[in-house]
Amino acid sequence: MKLHLLRHAIAVPRGTPGTPDEKRPLTKEGIEKMNRAAPGLAGILGEPDLILTSPLPRALETARIAARVLNAEHRVEKTDALLPGRPPQDLYDALSKYSKARNVLLVGHEPDLGRLASALLGLKGGALPLKKGGLCRIDVD
């Protein structure tokens with residue numbers, strides 16, 4: 001399985017008055033940058049079998065932008081396994097339901113995606129940092 005880990009694009013800053021963390025959307029700049037970067041995803045990903053995303057607005061918006069460019073709007077599925085602070089096992093369990101998928105895009109948050117990348121790569125002591133809108137691919141059996 002080709003796992004593509006995509007951190008959500010630039011969102012309204014944490015602590016913004018009137019915007020709780022779980023409701024933070026992308027900023028105008030975040031939307032614009034993701035729209036500009038998204039065509040490059042097609043060259044890297046090809047056509048994903050599945051797009052799993054955190055249900056939080058900033059990740060869901062990022063996933064929808066990517067899905068539109070990848071002609072995969074019908075393949076977007078929300079999962080609580082990609083919410084911030086969830087243990088990696090939750091995501092492994094969620095992915096096990098899609099054992100036939102070969103090309104999967106995961107859209108979520110830091111530091112969780114970085115920790116997932118480090119765990120999948122067998123790295124110890126930290127997380128592989130992903131910038132906002134950053135992508136990495138890891139092939140797993």
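Five strands make up an open sheet here, in the order 3-2-4-1-5 and with mixed pairing. Strand 3 (76–78) and strand 5 (135–139) sit at the edges with a single partner strand each, so one side of each has no neighbour in the sheet. On average, neighbouring strands are turned by 20° against each other, direction ignored. Keep in mind that this is a predicted model.

**Inside the sheet**
- Strand 2 (residues 50–53) pairs with strand 3 in the parallel sense, over three bridges.
- Thr53 has Lys78, in strand 3, as its bridge partner.

**Helix 1 against the sheet**
- Helix 1 (residues 28–45) lies across strand 1 (2–7), strand 4 (103–108) and strand 5, and runs at about 170° to strand 1.
- Its buried residues are Gly30, Met34, Ala38, Leu41 and Leu45.
- The cover over the buried residues of helix 1 includes helix 2 (57–69) as well as strand 1, strand 4 and strand 5.

**Helix 1 geometry**
- From first C-alpha to last, the 18 residues of helix 1 reach 25 Å, close to the 26 Å expected at 1.5 Å a residue.
- There's a bend of about 35° at Ala38, with a proline, Pro39, following within four residues. Ala38 is also one of the buried residues of the helix.
- After helix 1 comes Gly46, with a positive phi near 75°.

**Ser118 in helix 4**
- Ser118 belongs to helix 4 (residues 112–121).
- Its relative accessibility is 2%, so Ser118 counts as buried, the cut-off being under 20%.
- Setting aside neighbours within four places in sequence, Ser118 is in contact with Leu123, Gly126, Ala127 and Leu128.

Notes:
Residues are numbered from 1 along each chain as its sequence is written. This is a predicted model: local features need pLDDT of at least 70, side-chain atom pairs count only at pLDDT 80 or more; totals for chains, interfaces and linings use all residues. Side-chain values use heavy atoms; hydrogens and water are left out. Two strands pair if DSSP finds at least two bridges between them. Helices (H or I, at least four residues) and strands (E, at least two) are DSSP runs, numbered from the N terminus. Axes are lines fitted to C-alpha atoms, for helices over the stretch in contact, and angles run from 0 to 180 degrees between N-to-C directions. Contact means heavy atoms within 4.5 Å. Buried means under 20% relative accessible area, exposed over 50%, partly exposed in between (1.4 Å probe, protein chains only). The expected span of a helix is 1.5 Å times one less than its number of residues. The bend at a residue is the angle between axes fitted to the seven residues ending there and the seven starting there.
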